[in-house]
Amino acid sequence: MGYADVYQAQVAVKPSLNVEAASDHELVAAARDGDEIAFQEVVRRYRTPITNFVYRMLNDYELAIDLAQETFVRVYTSIGRYEANFSFSTYIYRIASNLAITEIRKRKRRRVVSLFSVFAGDDGQPVEMDPPDQRQLPEDAMLERERKVAVNKAIASLPEKYRTALVLRDIEDHSYEEIASILKLSEGTVKSRINRARNLLREKLGHLMPGAPAS
Amino acid sequence: MTCSKHQRIIDDIGDLDRLPPESARHLDACRTCSEFARNLVALRALLNEQGRVTAPSDFDARLARRIRDVRTPAAPAGVLEWFAVPQRMLAGAAAFALVAAGAFVVATYQAGSHVQDSGQVATNRSVPPREPLVEQPAVATIDPTPDLPGVTGTSHNNTLSHPVLSRPGNRRLQGVSRNTGQDEAMILVQDSAGARIVNVPRVLVGAERIVPVPESDASVASLDDRMAF
């Protein structure tokens with residue numbers, strides 16, 4: 001074996017990337033070069049946060065999984081165009097939030113009516129249709145279920161621009177700077193939207209918050 | 001430090017027990033910031049009470065299939081797949097109904113026209129139709145017919161160069177022209193009465209007068225009548 005052959009062999013066998021220790025940028029760069037393991041690590045890191053984010057935006061688990069997968073498909077297909085000017089987290093959340101917002105707008109156009117909102121209360125707001133459960137539920141479990149439904153419904157009732165900012169901040173724990181980058185807004189606008197969303201939620205959920213007077 | 005900055009710190013840290021001492025002291029003194037902190041912590045606790053949903057165990061496998069599908073472009077959708085969309089199905093049904101209605105109208109119109117034509121035919125058929133003229137091939141070479149009685153003079157073969165127009169069922173010219181050396185010609189005629197020789201003052205072949213004769217010639221007229229080819 002001549003020198004050239006040895007050199008070629010050394011070049012062909014790339015040192016394997018330690019995917020667990022690699023940064024997002026390193027993983028994306030490796031995935032761009034065809035490293036499937038690196039892309040799998042990207043998926044492993046973000047599959048749950050993205051699924052949770054979309055779920056809290058749409059309040060639909062199956063749809064959240066579908067859109068989370070679509071997010072990764074888009075990352076995969078456009079990985080060659082990814083520019084490392086900002087964090088990968090910002091990049092992938094931007095894709096996911098755009099998909100979620102598109103879905104919210106589609107629903108608005110279709111005027112999807114949930115089975116849980118076909119009845120209106122005295123204030124004109126939809127009230128939950130709660131079919132009677134024949135099983136005897138412990139009181140704590142029933143209260144917890146009611147709180148969960150009320151919270152999800154309150155988030156879902158927020159206008160999409162407030163909802164996205166609030167979920168990213170108070171549920172996904174992103175910084176104002178990151179949120180501004182994801183949504184391509186100024187930090188001032190983000191802060192304003194988050195404050196507005198919190199006030200709206202406080203109006204809707206005040207009775208469920210600790211220290212609130214019992215309803 | 002202003003209230004706004006303290007609130008930003010509270011917002012960023014979230015946990016009131018981990019606030020920097022300056023902000024913690026401010027909270028104790030400022031009712032507005034204290035209320036802001038209490039509301040924020042309570043709201044976040046409520047929002048995160050139900051925990052985070054996690055991706056299902058088959059997430060990666062499903063994603064791998066999806067990416068594989070993206071890599072290999074799907075085959076062009078068939079007609080049935082195209083019609084699977086309800087709006088398209090309705091549009092297709094409407095187009096089919098339109099075409100069917102058009103075909104029905106055309107068929108109805110043609111049927112009416114046919115009935116009208118049939119009536120016309122029936123009317124025409126009340127008068128026996130005149131059979132159309134058909135072109136017959138040129139009559140073959142004339143047999144000199146030396147055995148025919150009463151035939152005199154020099155016989156010679158004569159080939160018709162003109163097609164003869166006749167009507168089916170009419171008498172047919174079998175032979176033509178035996179030149180008698182006079183101003184007359186003899187024509188062999190065969191019809192239901194049998195074959196016979198007819199003398200004619202000029203040679204006539206079929207409907208065409210080979211030798212022009214005056215229109216006033218009665219013998220030619222009678223010959224035309226008898227030999228209406």
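## Where the two chains meet

Let's start at the contact between the chains, to which chain A gives 27 residues and chain B gives 23 residues; two residues are in contact if their C-beta atoms, placed from the backbone, lie within 7 Å. On the side of chain A that touches chain B, at least two residues each come from helices H3 (36-58), H4 (61-77), H6 (139-156), H7 (160-171) and H9 (187-205). H4(A) supplies the largest share, eight residues. By class, this side of chain A has 15 nonpolar, six polar and six charged residues. Here Ala, Val, Leu, Ile, Met, Phe, Trp, Tyr, Cys and Pro count as nonpolar, Asp, Glu, Lys and Arg as charged, and the others, Gly among them, as polar.

Residues are numbered from 1 along each chain as its sequence is written, and chains are lettered from A and ligands numbered from 1 in the order in which they are written. Helices (H or I, at least four residues) and strands (E, at least two) are DSSP runs, numbered from the N terminus.

## How confident is the prediction?

Chain A has a mean pLDDT of 81, with 77% of its residues at 70 or more; pLDDT is the predictor's confidence in each residue, from 0 to 100. In chain A, residues 6-13 have pLDDT below 50, and this stretch has one contact beyond near neighbours in sequence. Residues 116-125 of chain A are also below 50, but that stretch has twelve such contacts. Where pLDDT is low, the predicted coordinates should not be read in detail.

## The nonpolar core

The largest nonpolar core holds 48 residues. Such a core is a set of buried Ala, Val, Leu, Ile, Met, Phe, Trp, Tyr and Cys residues joined through C-beta atoms within 7 Å. H3(A) provides its largest share, eleven residues. Among the residues with the most contacts inside the core is Ala96(A). Beyond four places in sequence, Ala96(A) is in contact with Ile50(A), Phe53(A), Val54(A), Leu67(A), Ala68(A) and Thr71(A).

## Two residues to look at

Arg56(A) lies in helix H3 of chain A. Why is Arg56(A) counted as buried? Because Arg56(A) has 27 C-beta neighbours inside 10 Å; a residue is buried with 20 or more other C-beta atoms within 10 Å of its own, exposed with 12 or fewer, and partly exposed in between. Leaving out residues up to four places away in sequence, Arg56(A) touches Ile155(A), Val167(A) and Ile171(A).

Tyr82(A) sits in the loop between H4 and helix H5 (88-110) of chain A. Tyr82(A) is partly exposed, because 16 other C-beta atoms lie within 10 Å. Not counting residues up to four places away, Tyr82(A) touches Val28(A) and Tyr91(A).

## A pair of crossing helices

The axes of H7(A) and H9(A) come within 8 Å and cross at roughly 95°. These axes are lines fitted to C-alpha atoms over the stretch in contact, and angles run from 0 to 180 degrees between N-to-C directions. H7(A) and H9(A) are therefore roughly perpendicular to each other, a label for angles of 65 to 115 degrees, with under 35 roughly parallel, over 145 roughly antiparallel and the rest oblique. Their contact has seven nonpolar, no polar and six charged residues.

Note on methods: This is a predicted model: local features need pLDDT of at least 70, side-chain atom pairs count only at pLDDT 80 or more; totals for chains, interfaces and linings use all residues.
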